[in-house]
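Good morning, and thank you for the time on the agenda. Please have the sequence and the structure open while I speak.

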Amino acid sequence: MEFEEVVRRRRMVRRFQQDKPVPREIIHELLQHALHAPSAGFSQGWGFLVLDEADDLGRFWKATKGDVNESVQTAPVVIVPLAHKQAYLDRYAEPDKGFPPNYEDRWRVPYWHIDTGMAALLILLGVVDNGLGALFFSMADATELKAEFGIPEPYDPVGGIALGYRAQDVPSPNLQRPRRPVEDVVHWGAWGNGEPS
Ligand SMILES: Cc1cc2nc3c(=O)[nH]c(=O)nc-3n(C[C@H](O)[C@H](O)[C@H](O)COP(=O)(O)O)c2cc1C
């Protein structure tokens with residue numbers, strides 16, 4: 001699929017075909033995409049919990065208390081991208097960066113979450129490229145999830161990605177909102193300027 005088409009067709013999918021598992025090769029490919037995401041200082045402070053067995057998925061939805069629609073909970077695969085803040089603090093304490101150990105003031109913006117989000121986006125784009133659908137969803141509380149799956153303390157789930165072959169979906173009410181126009185969002189040269197003629 002052409003890149004432009006992948007981007008254009010990427011919409012969140014909240015309903016999946018039940019009788020069509022996702023081949024493991026595709027899951028591996030999606031994870032390879034994720035590992036090509038950029039990361040500050042090439043810290044790569046992330047991890048991915050991958051669940052594609054019915055038992056594990058059941059434990060996942062129980063642990064996260066099912067923050068999402070029931071239809072999402074039938075997805076054949078869930079990938080949880082996790083951010084590892086300490087990896088960034090350690091990386092930036094190396095000689096080529098030269099920050100003091102555990103220097104948190106360096107980070108006006110939490111790049112561990114941003115980079116993990118970029119990796120998640122590459123998974124979402126790979127999903128479309130493979131003819132699948134996915135939903136990135138938030139998690140109010142990850143305490144039980146971390147305990148259930150033995151996730152080490154410093155790893156912080158940024159959300160979850162449910163994916164599978166898409167079924168007829170009910171459009172989200174969110175989509176009644178219009179996409180914001182370019183002139184509201186893009187500022188050329190100075191804030192408030194439109195596109196130069
Ligand atoms: C950080 C983030 C969290 C989201 N959390 C949820 C969620 O918990 N449940 C859900 O149904 N959709 C969730 N979404 C999907 C958004 O609702 C969706 O991206 C938005 O409405 C635009 O629709 P589109 O992605 O189909 O273009 C989330 C998206 C992002 C980026």
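This is a predicted model: local features need pLDDT of at least 70, side-chain atom pairs count only at pLDDT 80 or more; totals for chains, interfaces and linings use all residues.

How many helices and how many strands does the chain have? There are seven helices and five strands.

Let me turn to the chain as a whole. Its C-alpha atoms fill a box of roughly 55 × 50 × 30 Å along the principal axes. Of the 197 residues in the chain, 26% are buried. If we take the contacts between residues at least 6 apart in sequence, 81% of them join residues at least 24 apart.

I now come to helix 5, which covers residues 111-129. This helix has 19 residues, and the distance from its first C-alpha to its last is 27 Å, close to the 27 Å expected at 1.5 Å a residue. Its buried residues include Tyr111, Trp112, Asp115 and Thr116. Ala119, Ile123, Gly126 and Val127 are also among the buried residues of helix 5. Just after this helix, glycine 131 adopts a positive phi of about 75 degrees.

Which residues of helix 5 does helix 2 meet? On the helix 5 side they are Ala119, Leu122, Ile123, Gly126 and Val127, and helix 2 contributes Glu29, Leu30, His33 and Ala34. By class, this contact has six nonpolar, two polar and one charged residues. Helix 2, residues 24-35, packs against helix 5 at an angle of about 140 degrees, and the two axes are 8 Å apart. The crossing is right-handed.

Why does valine 50 count as partly exposed? The reason is that valine 50 has 16 C-beta neighbours inside 10 Å, whereas a buried residue would need 20 or more and an exposed one 12 or fewer. Setting aside neighbours within four places in sequence, valine 50 is in contact with Ile27 and Ile79. The C-alpha atom of valine 50 is 9.3 Å from that of leucine 31, which is 19 residues away along the chain.

Finally, the ligand. The residues around the ligand include Arg11, Met12 and Arg14, together with Val68. Sorted by class, the shell has five nonpolar, four polar and two charged residues.

That concludes my presentation, and I welcome your comments.

Conventions:
Residues are numbered from 1 along each chain as its sequence is written. Two residues are in contact if their C-beta atoms, placed from the backbone, lie within 7 Å. A residue is near a molecule or strand if its C-beta atom, placed from the backbone, lies within 6 Å of it. Ala, Val, Leu, Ile, Met, Phe, Trp, Tyr, Cys and Pro count as nonpolar, Asp, Glu, Lys and Arg as charged, and the others, Gly among them, as polar. Axes are lines fitted to C-alpha atoms, for helices over the stretch in contact, and angles run from 0 to 180 degrees between N-to-C directions. Helices (H or I, at least four residues) and strands (E, at least two) are DSSP runs, numbered from the N terminus. A crossing is left-handed if the near helix is turned anticlockwise from the far one by less than a right angle, and right-handed if clockwise. The expected span of a helix is 1.5 Å times one less than its number of residues.
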